[in-house]
Amino acid sequence: MIIRKSKGELETMREGGKITAACLRFLTRNVSPGVTTGQLDRMAEEFIRSFGGTPEFKGYQGFPGSICASPNAMIVHGIPGSYRLKDGDIISLDVGVRFEGFVTDSATTVAVGDVAKATEDLLLTTRQCLIAASGQVRPGKRLGDIGNAIQVLAESRGYGVVRDLVSHGVGRKMHEEPQLPNYGRPGTGPRLQAGMTFAIEPMITLGSYDIRIDDRDGWSIYTADGSLSAHFEHTVAVTEDGPWVLTQEEPNGVGGTGGVW
Ligand code: MG
Ligand code: MG
């Protein structure tokens, strides 16, 4: 069942989403060559707690970090630690915050120093996939419309859309129904209704969409072919007025794709 949230619950999620957004902005500003992912993790935890939130990932099924930090060919679920960012890297930063009983979940991928043009293009397209998908989050649309918006844009530019990892419902739990593939056929699946909330997270690769799980730590997920992967995520609510991007920085995201992404 897809759990619908009341107006008041959405407003609470928006308050938490502001913390998530500000944390990601803070981390992005601290990304530079020489910084370790463990340092970013500690900064994030302190930041989130200072605003009255808790880092939802910490202890989630035993995950040791407050954030996921996934460089280069790592798609998601990187454990923060001794990895030191270097010029030309990209780093996916994924943050989940629990605030007043609700979770918001958001991610961005940041270029470290100077990156190749092809890498910049991958980041831009992945961000555009998230914007396109968020634009579908309206009453009367169907679940398949969201994934389709991602797939059509990414594949039209020759990228791979990761299939084994999905977007998801989010609310009192980080992972609620539905599981939402980042591909799909338009006009299929459940109809969207006001109050539904989704963490939409396209994972787009420069190569194929096959994945490999690191059997040393059991968490890190890489592209199987070693190609670069980008990951952007927002928590988005369906409202009668259109998409409400709960993890967007101010001005708030009513109406969807305006404002700062
Ligand atoms: Mg996330
Ligand atoms: Mg997520």
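Buried here means under 20% relative accessible area, exposed means over 50%, and partly exposed covers what falls in between. All the close-ups below come from a predicted model.

**Figure 1. Glu9, a partly exposed residue in helix α1.** Glu9 sits in helix α1, which runs over residues 7–30. Its relative accessible area comes out at 24%, so Glu9 lands in the partly exposed class. Have a look at the side chain: that of Glu9 reaches back to the backbone nitrogen of Ser6, at 2.9 Å. If you skip residues up to four places away in sequence, Glu9 touches Arg4, Phe102 and Arg172. Phe102 is 93 residues from Glu9 along the chain, yet the C-alpha atoms of the two are separated by 8.2 Å.

**Figure 2. Glu56 and its polar contact with Arg98.** Glu56 belongs to the loop between β1 (54–55) and β2 (67–71). With 14% relative accessibility, Glu56 is buried, because the cut-off is under 20%. The side chains of Glu56 and Arg98 pair up in a polar contact at 2.8 Å. Setting aside neighbours within four places in sequence, Glu56 is in contact with Gly96, Val97, Arg98, Val103 and Met174.

Figure 3. Glu233 is buried, with a relative accessible area of 0%.

**Figure 4. Asp105 between two magnesium ions.** Zoom in on Asp105 and you'll find a bridge: this residue links the magnesium ion (ligand 1) with the magnesium ion (ligand 2). The two ions lie 3.2 Å apart. Buried or exposed? Asp105 is buried, at a relative accessible area of 2%.

**Figure 5. The largest pocket and its lining.** This pocket has a volume of about 500 Å³. Its lining counts 22 residues, and those nearest the centre are Tyr60, His77, His168, His175 and Glu201.

Key:
Residues numbered from 1 in each chain as written. Chains lettered and ligands numbered in written order. Predicted model: local features only at pLDDT ≥ 70, side-chain atom pairs only at ≥ 80, totals over all residues. Heavy atoms only, no water. 1 Å grid on protein atoms, 1.4 Å probe; cavity = no way out; pocket = protein on both sides within 12 Å on 5 of 7 lines; lining within 4 Å. Points joined across faces, edges and corners; volume = space filled by probe spheres on them. Helix = DSSP H or I, 4+ residues; strand = E, 2+ residues; numbered from the N terminus. Buried < 20%, exposed > 50% of the residue type's maximum accessible area, 1.4 Å probe, protein only. Polar contact = N/O pair within 3.5 Å; in protein donor to acceptor, adjacent residues only side chain to side chain. Contact = heavy atoms within 4.5 Å. Donors = N, O, S within 2.8 Å, 3.2 Å for Na, K, Ca; no water.
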